[in-house]
Amino acid sequence: MSAIRVLLADDQPLVLAGLRTILAAEPDIEVVGQARDGHEAVRLARELRPDLVLLDVRMPRLDGVAAACQILAADGSAPRVVMLTTFDLDEYVYAALHAGASGFLVKDIPDDQLVAGVRAVCRGDTLLAPSVSRRLVEAYVRRPPGGSSAPGADTLTPRELEVWRLVAAGLSNGEIAAHLYLGEATVKTHVSRLIAKLGARDRIQLVVLGYESGIR
């Protein structure tokens with residue numbers, strides 16, 4: 001199995017050095033480049049074609065959200081993007097996830113969780129720090145009902161709509177299973193069908209679509 005190729009982007013040299021030390025120590029992870037601003041991150045992502053970009057939200061010249069939009073716009077060859085920040089603020093969370101980021105982590109995450117997160121995202125999972133997930137859900141709850149319906153929403157069964165509401169509220173498959181008295185495998189099947197019917201990239205986009213649609 002080939003190593004996970006990671007590009008790091010942060011304007012703080014000490015943060016870059018720390019991330020590189022943590023990740024390069026793992027036999028299945030290769031740090032292929034480092035960027036100090038958003039423009040450099042976009043350029044290196046195109047040149048190096050990493051599997052994953054760890055991208056700071058606040059950077060000079062081009063901020064991380066704008067850089068993520070450009071990186072993720074690559075047709076068929078875009079890497080996965082995980083945003084890094086010390087500021088778990090709502091506007092950054094929503095903007096980054098709407099741009100297509102696969103995750104959002106605060107910089108004080110323990111080393112082992114950072115490594116596990118990189119592997120999880122490259123397996124196709126999504127990643128939200130608990131504090132980030134909580135803030136997104138709080139913003140979702142405060143949003144007035146209504147909004148535009150997601151394409152495909154009218155094809156959902158009542159059970160699928162119920163599962164979508166719980167996904168959008170931040171519950172895991174296990175928590176949804178317990179809430180609805182279903183098997184976890186059944187919930188996983190419902191989530192997969194939701195992703196297909198709504199044309200979502202992943203579970204995080206189900207949350208974003210739920211937020212935009214104002215489902216309750």
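Reader: Is Cys122 buried, exposed or something in between, and what is its relative accessible area?
Author: In this predicted model, Cys122 is partly exposed, with a relative accessible area of 30%. Cys69 also counts as partly exposed, at 39% relative accessibility.

Reader: And how many disulfides does the structure hold?
Author: The structure holds zero disulfides.

Reader: Switching to charges, how many salt bridges does a search of the whole structure find?
Author: The search finds nine salt bridges. One of them pairs the side chains of Asp37 and Arg61, at 3.0 Å from N to O. Asp37 sits in the loop between strand 2 and helix 2, while Arg61 sits in the loop between strand 3 and helix 3, so this pair ties together parts that are 24 residues apart in sequence.

Reader: What else does Asp37 do, at the N-terminal end of helix 2?
Author: Asp37 caps that end of the helix, with a side-chain oxygen lying 3.0 Å from the backbone nitrogen of His39. After helix 2 comes Arg49, whose phi is positive, near 50°.

Reader: Which residues of helix 2 are buried, and what covers them?
Author: The buried residues of helix 2, which spans residues 38-48, are Gly38, Ala41, Val42, Leu44 and Ala45. Their cover includes strand 1 (4-9), strand 2 (29-35), strand 3 (52-56) and helix 3 (64-72).

Reader: Which helices does the Glu160 and Lys197 pair link?
Author: The side chains of Glu160 and Lys197 meet in a salt bridge at 2.8 Å, N to O. This pair links distant parts of the chain, with Glu160 in helix 7 (residues 158-168) and Lys197 in helix 9 (residues 184-198), 37 residues apart. Glu160 is buried, with a relative accessible area of 3%, and Lys197 counts as partly exposed, at 32%.

Reader: Which residues do salt bridges with shared partners join into one network?
Author: They join Asp10, Asp56 and Lys107. Asp56 is found in strand 3 and is buried, with a relative accessible area of 3%. A polar contact of 3.3 Å joins the side chains of Asp56 and Lys107.

Reader: What does Asp56 touch, leaving out residues up to four places away in sequence?
Author: Asp56 touches Ala9, Asp10, Asp11, Gly64, Met83, Leu84, Thr85 and Lys107.

Note on methods: Residues are numbered from 1 along each chain as its sequence is written. This is a predicted model: local features need pLDDT of at least 70, side-chain atom pairs count only at pLDDT 80 or more; totals for chains, interfaces and linings use all residues. Side-chain values use heavy atoms; hydrogens and water are left out. Buried means under 20% relative accessible area, exposed over 50%, partly exposed in between (1.4 Å probe, protein chains only). Helices (H or I, at least four residues) and strands (E, at least two) are DSSP runs, numbered from the N terminus. Contact means heavy atoms within 4.5 Å. A polar contact is a pair of N or O atoms within 3.5 Å; within protein, one must be able to donate a hydrogen and the other to accept it, and residues adjacent in sequence count only if both atoms are side-chain atoms. A disulfide is a pair of cysteine sulfur atoms within 2.5 Å. A salt bridge is a side-chain nitrogen of Lys or Arg within 4 Å of a carboxyl oxygen of Asp or Glu.
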